[in-house]
Amino acid sequence: MSKYPIYIVDAFTKLPFKGNPAAVCLLEKPIEEYQMKKIAAEMNLSETSFVVYNSENYDNEPILIRWFTPTQEVPLCGHATLATSHVLFHEANFPLEKIRYDTLKVGPLAVTREIVDGKPFYEMDLPLGKPNIIELSDEIIDRVCKELNSINKENIEEVLLCKKTSKLLIVIKENVEEILNLKPSYTGLLDIDFGEYNEDVLGIIVSTSVYNQEDCDYSQYNCVSRYFAPWRGINEDPVTGSAHTVLANYWDNIFNNNNDDDNDDKSLFALQASERTGEIKIKLNRDTDRVIISGNASTVLKGTINAEFD
């Protein structure tokens with residue numbers, strides 16, 4: 001029987017039981033894909049990450065990271081990357097202040113640690129998601145609004161698709177309450193035919209700005225969103241780093257497009273308004289097509305998983 005160190009970390013929060021939980025499995029040597037799938041299914045969180053790392057044999061090379069939902073492997077997961085970095089820094093004695101990762105599909109990633117107000121704060125250097133405006137038929141839009149339960153069709157400003165991350169972005173006029181009140185039918189969402197984009201949509205982001213809502217409870221944020229991905233076995237993801245690589249591109253154009261002062265802090269502050277909630281700091285580098293997604297993390301569980309595979 002094999003035994004692997006396993007952790008559960010709440011990402012994008014300073015406090016336990018907030019943010020987005022991810023499982024992190026540390027391996028001394030690689031295991032088979034089907035074995036990772038079994039462990040991820042057993043953990044039954046939105047994502048479980050796997051890294052091969054041994055502090056005694058670390059050679060300063062990038063660390064391969066892979067992410068699995070309970071049902072499938074995914075090309076990128078921001079919150080599980082943050083959780084993994086938290087474990088490597090604080091549980092596995094990673095010797096540097098920057099971790100470099102290699103991935104199977106999205107290229108190199110990097111995470112840097114700082115201490116802010118006595119808490120670890122992580123900056124993830126991720127590839128930028130680039131959504132493009134698409135035209136969906138009135139019939140499809142009506143169905144999406146209904147199954148999200150519900151969006152007023154007249155409040156939709158734009159519909160965009162990021163094929164790189166398989167995420168549909170629906171931007172609505174400034175109305176946080178409309179996003180907070182969504183109660184999707186997940187089986188209904190799975191049944192939608194998106195026409196020519198049917199193979200490209202594996203998640204839906206719904207977002208609005210808080211730019212002109214000074215009197216609301218969310219005025220400290222630039223944007224508020226929720227993310228639904230039943231196509232990946234995740235009904236609603238509590239806080240999603242990869243979704244914010246897409247949101248970063250869109251909202252940076254809105255908030256910073258006319259700001260040419262290099263001395264200004266052009267970071268955006270975002271809230272993902274799931275039941276658990278999570279806060280994310282976003283900053284773009286358009287010269288490199290990268291985005292810095294930043295947040296805190298908190299370890300809530302550590303132990304050993306006993307695995308006997310067929």
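Guide: Begin with pairing: two strands pair if DSSP finds at least two bridges between them. Strands (E, at least two residues) and helices (H or I, at least four) are DSSP runs, numbered from the N terminus. This is a predicted model, in which local features need pLDDT of at least 70 and side-chain atom pairs count only at pLDDT 80 or more, while totals for chains, interfaces and linings use all residues. Residues are numbered from 1 along each chain as its sequence is written, and side-chain values use heavy atoms, with hydrogens and water left out.

Visitor: In which sense do strand 7 and strand 8 pair, and over how many bridges?

Guide: Strand 7 (residues 109-116) and strand 8 (residues 119-127) are antiparallel, with seven bridges.

Visitor: How many bridges join strand 8 to strand 17?

Guide: Six, again in an antiparallel arrangement. Met 124 has Ile 293 of strand 17 as its bridge partner.

Visitor: How is empty space found?

Guide: Rolling a probe the size of a water molecule over the atoms shows where empty space is left. On a 1 Å grid over the protein atoms alone, a cavity is a set of points where a 1.4 Å probe fits but cannot get out; a pocket is an open set with protein on both sides within 12 Å along at least five of seven lines; lining residues have an atom within 4 Å of a point. Points are joined across faces, edges and corners, and a volume is the space filled by probe spheres set on them.

Visitor: How many cavities of 30 Å³ or more does the structure hold?

Guide: One, and the largest cavity contains about 190 Å³ of space. Its lining has 17 residues, with Leu 76, Thr 165, Lys 167, Arg 232 and Ser 242 closest to the centre. Strand 14 (234-237) and helix 6 (241-256) each give two or more residues to that lining.

Visitor: What is the volume of the largest pocket, and which residues lie nearest its centre?

Guide: The volume is about 320 Å³. Among the 20 lining residues, Phe 12, Lys 14, Phe 269, Glu 279 and Asn 296 lie nearest the centre. Strand 16 supplies the largest share of the lining, four residues.

Visitor: Is Gln 272 buried or exposed?

Guide: Buried means under 20% relative accessible area, exposed over 50%, and partly exposed in between (1.4 Å probe, protein chains only). Gln 272 counts as buried because its relative accessibility is 1%. This residue lies in strand 15.
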